[in-house]
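Open the model in your viewer and keep the selection panel at hand. The stops below are meant to be taken in order.

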Amino acid sequence: MKTFHQLYLDILEQEAGKGRVLEEEYNPYHMDCLLHPEKHAPVIFAKECEQCAYERACESSCIFDAFEQDKEGKIYINKEKCVGCGACVDACKLEKLAANKDVVPVLRAIREKKREVYALVAPAFLGQFGAEVTTGKLRAAFKAMGFQGLIEVAVFADILTLKEALEFDANIQKEQDYQLTSCCCPVWIAMIRNIYHELIPHVPGAVSPMIAAGRVVKKLHPEAITVFIGPCMAKKKEAREPDIADAIDYVLTFQEVQDMFEAADIHPEQLGEDDKEHSSRAGRIYARTGGVSEAVKATVKQLNPDRKIEVRAEQADGVPACRDMIERLKEGEIKANFFEGMGCRGGCVGGPKIIIDKEEGRKNVERYGNKAEYQTPLENPFVPELLSRLGFHTIEEFLEKSDILVREFH
């Protein structure tokens, strides 16, 4: 009888005859990455990396110094240092780097049916799975795959917008005061924590909308499994940071989800609507550059119309632009009082694992925001309802006791 190994060799020979060369050797590293993604960095080696004809462009592109050498001189990625920004993947001309994937553990969790699995979808999702795929159709698609339901992370962006607006109103009292937003981008926060640590006192101790969403779901459904879905590899690292690892179990990129839909023969555009509106415009526009600033500014204005010192925002997208903005801030060359950084050009809609062009994604996000029934979290009835269920009944409680929404940056 033919063994599986002989069958595999026959397939290799068959494909070689067609001019297609496949890897001949089983690599235990790749299998371990597939089965246990949590043990590895957000970026992994897709192929063996030895001598490089491009002077290790991957290493020089990494501002976090995540590329290191072992005792034998072999390059590896330090999972504690790798943020998942994706700069090295773009820099590697030999295409030997790839994103780590959480697909297998997620599918295992769905198949076992021991716990309810919730999809927490980032605001940048609109249009990624087809122009006709609305929130309702996407919710129906995830349910068809076996998820309990879909939750828009934008509603938690609403809650964080309210928190940052209240903190701005309380703390920015002089012209020289300023605030660095902490709500959205893990690459931006990693830059401040690791490279510009002296600026940490200006960063409100707020979790990201992803973490807020995961924590709230787990508070309301303690046995739930939470799966964040977005365009960002850096969210995989953020979800595993020790002080916030209680919130998100797995992170899937849009490309991973698209592969899952194709494998399961699920076509979201053909499904019916399973629609629920939970978020305001403020929460929805987090996905593009300037969205956080605009959301906080509008909320502060609505919160305190007579405030003398308004939100004067400056934004930067892409790591070089973020570093330039911080350097100019340190030199006193900027007169803004609210700074928003995004690690990807264009914001989350320009993330490394988007499916559609980032400009198209930005337009989709803008249209989606403009369709919102509510303009700010102060108008959104789901915000006070959620906060009430979490035990926050006053502004003072929300600011002083909101442990579920807070982290300490070191």
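Predicted model: local features only at pLDDT ≥ 70, side-chain atom pairs only at ≥ 80, totals over all residues.

Residues are numbered from 1 along each chain as its sequence is written, and side-chain values use heavy atoms, with hydrogens and water left out.

**Helix 15**

Select residues 358–371, which form helix 15. Helices (H or I, at least four residues) and strands (E, at least two) are DSSP runs, numbered from the N terminus. At 1.5 Å a residue, the 14 residues of this helix should span 20 Å, and the end C-alpha atoms are 20 Å apart, which agrees; the expected span is 1.5 Å times one less than the number of residues.

Next, colour Gly361, Asn364, Val365, Glu366, Tyr368 and Gly369, the buried residues of helix 15. Buried means under 20% relative accessible area, exposed over 50%, and partly exposed in between (1.4 Å probe, protein chains only). These residues pack against helix 6 (135–145), strand 6 (149–152) and helix 12 (281–284), contact meaning heavy atoms within 4.5 Å.

**Salt bridges**

Which residue forms a salt bridge with Arg281? Glu366 does, with the closest N and O atoms 2.6 Å apart. Arg281 lies in helix 12 and Glu366 in helix 15, so the pair ties together parts that are 85 residues apart in sequence. Both residues are buried. A salt bridge is a side-chain nitrogen of Lys or Arg within 4 Å of a carboxyl oxygen of Asp or Glu, and the whole structure has 25 of them.

Now select Arg288 and Glu294, another salt bridge, with closest N and O atoms 2.9 Å apart. Arg288 is buried at 8% relative accessible area, whereas Glu294 is partly exposed at 32%.

**Glu164**

Go to helix 7 (residues 154–171) and pick Glu164. Glu164 is buried yet has no salt bridge. A polar contact of 3.2 Å joins its side chain to that of Thr181.

**Two loops**

Finish with the backbone. Most residues other than glycine have a negative phi. Asp65, in the loop between helix 3 (57–61) and strand 2 (67–69), has a positive phi near 55°. Lys113, in the loop between helix 5 (103–112) and strand 5 (117–121), also has a positive phi, about 55°.

Note on methods. Lys, Arg positive; Asp, Glu negative; His and termini not counted. Polar contact = N/O pair within 3.5 Å; in protein donor to acceptor, adjacent residues only side chain to side chain.
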